[in-house]
Every structure is written in C-alpha cells, then in structure tokens.
Amino acid sequence: MNPSPRSRPLDARLATAFAEVPVVASIVGAQPLRQFLTAPAKVCILASFSVGQLPQVVPALRKAGKTVFVNVDSSPGLAQDRGALDFIKEMGASGVVSTRLALIEKGRPLGLLTAQKVFVTDRSNLRRSMDAISRGMPDLVEVMPAPIVARMTPQARRAMSPTVAAGFVETPADVAAALALGSVAVATSDHRLWRVSREELPRATADRPLEQADRPLGQQE
C-alpha cells in the first residue's frame with residue numbers, strides 16, 4: 001500500500017518559529033533547561049520529565065515565549081491515554097509527541113499540536129509509517145534517524161511531511177542538508193545548534209546534500 005502524498009500545511013505557529021531558527025530543542029531532563037531559555041530556538045520537546053516536574057517546567061517555558069511539546073512516551077508516570085493529553089493541555093503545553101497513532105488521533109480534537117515519531121529501519125517499516133501518518137495526519141512527523149531522509153524517494157518525503165529530521169544531527173551542515181531535502185526543521189539535544197539561525201547555515205552542496213542509497217526508500221522493488 002502506498003498512501004497518497006500529503007498536502008497538510010505547516011501550522012502557522014511553527015512556521016513562524018522555524019523561520020528564524022529551524023531547530024527543535026530536544027530537552028532530556030532538567031539540566032539543559034537554562035540553556036534553552038536563553039537560546040533563540042523557540043520550539044522544544046520535553047522528554048524524561050516526570051509527572052511531578054511538568055507542571056513547573058511547562059508554564060515557565062510558555063512564559064518565556066517557547067512552544068512546548070511533551071513526549072508522552074518518555075514521561076515517567078504519565079499514562080498513555082486521553083487523561084494524559086488533558087493534563088498536558090491544562091499545563092499549557094502546545095503539543096504532544098508520540099509513536100502511538102491512537103494518541104496522535106486523540107490529540108488534535110483537543111486543540112493540541114501533534115508530532116508523530118517514526119523510526120525508519122527498512123522499506124517495509126517505511127511503508128507502515130507512511131500508512132500511519134496518512135491516518136493520524138499529525139502536524140509534524142519526527143523522522144529518525146535524520147540521514148534516512150536522504151534515502152527516501154520524493155514521494156515518501158512528501159507523505160512523511162512536514163518532516164522534522166532527528167538523530168545524528170550534529171553540525172550546522174547537517175541542519176542545512178535536512179532542510180535541502182524538504183524537512184521543515186531538525187530536532188537535536190546539542191544545545192549549540194539551538195542558537196544557529198537559518199541565515200547562518202552553510203549552503204547545502206550540489207543535489208546530494210546527504211549520502212543517498214542506490215535505490216531510495218519508498219521506491220517499488
């Protein structure tokens with residue numbers, strides 16, 4: 001099954017945030033919070049924050065003008081159900097991240113932005129991921145690892161958009177390469193990249209900004 005290419009536009013709040021710094025800060029635990037608060041990046045994903053920590057952290061970030069996503073799958077004590085989504089919204093978070101299609105589908109009616117995380121390991125996995133994305137219609141698709149985006153066909157990249165490339169994003173050149181392939185942003189825990197503006201990125205080279213496979217993922221075998 002090959003789902004039809006998506007045409008979902010990027011949410012205006014995210015488009016504005018990514019216009020200057022096309023980087024999502026992956027914040028794992030409380031230690032990097034201070035660095036993010038002073039960084040120009042506007043969007044973050046909170047991971048490994050317990051239920052007890054979130055009510056203090058989320059409002060503080062919102063007050064600082066940040067757009068906050070909570071990774072439901074990696075928040076200790078947070079249930080995987082509608083109640084968890086209600087809790088996240090009541091705290092003031094803008095969105096949720098999950099690998100679970102059911103949570104993505106429940107998040108949108110609540111007015112939450114949704115980011116569906118997918119791990120692409122082979123062609124069959126990519127096809128299943130494309131099917132899930134076509135059903136969930138998330139606001140963002142966090143594709144891991146980032147280098148796999150270069151191995152996907154243009155059709156597969158459209159079906160998985162708006163894409164945030166994550167994993168193995170280590171340099172400004174990696175950010176530029178992902179954007180050249182159509183990603184709207186990257187996600188990284190490297191705090192140095194939270195300060196890299198779009199204008200400061202190097203120009204992606206040639207037509208092959210990342211090493212590509214002989215047969216791109218998503219192409220019929």
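Which element gives the most to the lining of the largest pocket? In this predicted model, that element is β1, which contributes three residues to the lining. The briefing below takes up the pocket, the cavity, the nonpolar cores and the salt bridges in turn.

**Largest pocket**

- The largest pocket holds about 200 Å³ of space, and its lining is made up of 16 residues, with S26, V28, K117, E142 and M144 lying nearest the centre.
- Two or more lining residues come from each of the strands β1 (23-28), β2 (43-47), β6 (140-144) and β8 (185-188).
- Sorted by class, the lining of the largest pocket consists of nine nonpolar, five polar and two charged residues.

**Cavity**

- One cavity of 30 Å³ or more is found in the structure, and the space in the largest cavity comes to about 50 Å³.
- The residues that line the largest cavity are V24, I45, F69, A115, L140, V141, E142 and V164, and the largest share of them, three residues, is supplied by β6.
- Seven residues of this lining are nonpolar and one is charged, while no polar residue takes part.

**Nonpolar cores**

- The largest nonpolar core comprises 55 residues, within which I27, L46 and M160 have the most contacts.
- Beyond its neighbours within four places in sequence, M160 touches V118, V120, L126, S129, M130, I133, V141, V143 and M152.

**Salt bridges**

- Five salt bridges are found in the whole structure, and three of them are described here.
- D73 and R100 are joined through their side chains at 3.7 Å, N to O, and the pair links distant parts of the chain, 27 residues apart, with D73 in the loop between β3 (67-71) and α4 (82-91) and R100 in the loop between β4 (95-98) and α5 (101-107).
- Both partners of that pair are partly exposed, D73 with a relative accessible area of 30% and R100 with 44%.
- D86 and R82 form a salt bridge in which the closest N and O atoms are 3.1 Å apart; the two are separated by about one helical turn, because they stand four residues apart in helix α4.
- D86 is partly exposed at 28% relative accessibility, as is R82 at 44%.
- D131 and R135 meet at 3.8 Å, N to O, both within helix α6 (residues 123-136) and about one turn apart, and R135 is exposed, with a relative accessible area of 52%.

Terms used: Residues are numbered from 1 along each chain as its sequence is written. This is a predicted model: local features need pLDDT of at least 70, side-chain atom pairs count only at pLDDT 80 or more; totals for chains, interfaces and linings use all residues. Side-chain values use heavy atoms; hydrogens and water are left out. On a 1 Å grid over the protein atoms alone, a cavity is a set of points where a 1.4 Å probe fits but cannot get out, and a pocket is an open set with protein on both sides within 12 Å along at least five of seven lines; lining residues have an atom within 4 Å of a point. Grid points are joined across faces, edges and corners, and a volume is the space filled by probe spheres set on the points. Ala, Val, Leu, Ile, Met, Phe, Trp, Tyr, Cys and Pro count as nonpolar, Asp, Glu, Lys and Arg as charged, and the others, Gly among them, as polar. A nonpolar core is a set of buried Ala, Val, Leu, Ile, Met, Phe, Trp, Tyr and Cys residues joined through side-chain atoms within 4.5 Å. Buried means under 20% relative accessible area, exposed over 50%, partly exposed in between (1.4 Å probe, protein chains only). Contact means heavy atoms within 4.5 Å. A salt bridge is a side-chain nitrogen of Lys or Arg within 4 Å of a carboxyl oxygen of Asp or Glu.
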